[in-house]
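Got the viewer open and a hand on the selection tool? Let's take a walk through the fold, stop by stop.

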Amino acid sequence: MSESDARDGEGEAMTTEKRSDPVPLRRNRGFQLLWTGSAFSTLGLETADMAFPLLVLAVTRSPAAAGIAGAVQMTTALVLGLPAGELADRFDRRALLLVVESLRAVAIGSIVLAQVTHHLVLAHLLAVALVMGAMRPLSATARMLLIRSVVPPEQLTAALTREEVRISGASLAGPPLGGMLFALGRVVPFLVTTLTFVVSISCVSLMRSQAAADKADKANEADRTQPDASSAVRRMLSGTVVMWRNPLLRRTTLFTAVMNAASAPVVLIVVVQLQHQGISSGLIGVATAGLALGGLAGAALVTRLHRLSPATLMLGQAGSVAVLLCLLGLSLGPWWAAAVLFLLMLGVPAMRVLVDIVMFRQVPDEQRGRVVAAVMTLWGLGAAAGTLLAGVLLDFVSPLAILIAIAAALGVVFCLGLASGAFRAMAWPTEAAASDH
């Protein structure tokens, strides 16, 4: 164990990391509380994400209004991504998560109250979309850093793999649950979502307070003496600088951002493709569920796939996705689409855990929040750009043509990576690497 790891231990992790035989994750109280709260919160978010546009449509009878609400949430999350990293590095992450979940509960709960009192209007819904979008990057960053504080280094891969199970499970169960609850009543899915946030608040409250803020405060004491706007901007951008200056982190982040941009529009393309085939909306929903099922199955493959070198893992993902996108272009019905989408997701959890591990092992704790936020923001920009471009192109060319174009772009990325000796030579970072920064 490196000196930096000993310093990184906070709260429960400080006790755990000093033991030669760490407590199994199933008996790690801090991790179990964090994971359980996260599972409820993510399920609630997925449920609300499905029901929210349905509610906007019911209130306004305007698809444009539903689109505006979605754009407000996504744009706010992207704009506040880097500031979220700054907050996560400067303040107690457990306290931040409590604030986030409380604001979410109030925002979603206000929908229930307004609907019951017949005062729900579009302006209210847009305000809720703004709050929910603002909370996303802060929640994601704080949760990620809290995992490292309650889990010893040797169990990090296993813990991050369980995070992938949580995300995929919520992605599978949340949308149908949201649609089903909305059919029972407009307020029902939002009442359930509010309760999931209350459970999350309870779980986080039971965790021991972390000491990350103390370290961050000392590390940023000089910054606090210069509270001007330019220094604040420099601090927020420092995560991007750290990411760019670290060769391994830069390559893995840029590669996964490209993969994210290529994969993000796939659902939209598949929906349009199946609609052209006359497939019912119910079967289209079944087809797209293949993504969540593939994510769950892929989480079970993380440990095995991580026996490969980072370069082999990434090149294999790019090559396989390129082939699968071409196969997805074949108009063979919803079950074919579901099977291909399932296969597309198998390697995604391993890729995400790869980047997480590189961040945790290559970046000191006092900078991790900014770096995590920078990486997530880059991923979000890639997904937004890919979806926007695909949406525009679908008005002019066929889904098959777009899928082939994306596959060709991934083929170029594959060839560039294969031709780069530095890329092929990438190795898994050791836990001691963070102490070198």
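This is a predicted model: local features need pLDDT of at least 70, side-chain atom pairs count only at pLDDT 80 or more; totals for chains, interfaces and linings use all residues.

Residues are numbered from 1 along each chain as its sequence is written, and side-chain values use heavy atoms, with hydrogens and water left out.

**Stop 1: the whole chain.** Switch to cartoon view and you'll find 22 helices and zero strands. Both are DSSP runs numbered from the N terminus: helices are H or I with at least four residues, strands are E with at least two. Now color by burial: 49% of the 437 residues are buried. Here buried means under 20% relative accessible area, exposed means over 50%, and partly exposed is in between (1.4 Å probe, protein chains only).

The chain exposes about 18,600 Å², with carbon and sulfur atoms supplying 69% of that (Shrake-Rupley method, 1.4 Å probe; for residues, only the protein chains shown count as cover). As for contacts (heavy atoms within 4.5 Å), take those between residues at least 6 apart in sequence: 86% of them join residues at least 24 apart.

Stop 2: How many salt bridges does the structure hold? There are three, a salt bridge being a side-chain nitrogen of Lys or Arg within 4 Å of a carboxyl oxygen of Asp or Glu. Select Arg-136 and Asp-49 to see one of them, at 2.6 Å from N to O. Arg-136 sits in helix α7 (residues 122-150) and Asp-49 in helix α3 (residues 29-60), so this pair ties together parts that are 87 residues apart in sequence. Arg-136 is partly exposed at 27% relative accessibility, and Asp-49 is partly exposed at 33%.

**Stop 3: Glu-101 and its partners.** Next, pick Glu-101 and show Arg-104, its salt-bridge partner, with the closest N and O atoms 3.0 Å apart. The two are three residues apart in helix α6 (residues 93-116), a separation of about one helical turn. Is Arg-104 buried or exposed? Buried, with a relative accessible area of 2%; Glu-101 is buried too, at 0%.

Glu-101 is in helix α6 and Arg-143 in helix α7, so the pair links parts 42 residues apart in sequence. Arg-143 is buried, like Glu-101. Show Glu-101, Arg-104 and Arg-143 together, and you have one network joined by salt bridges that share partners.
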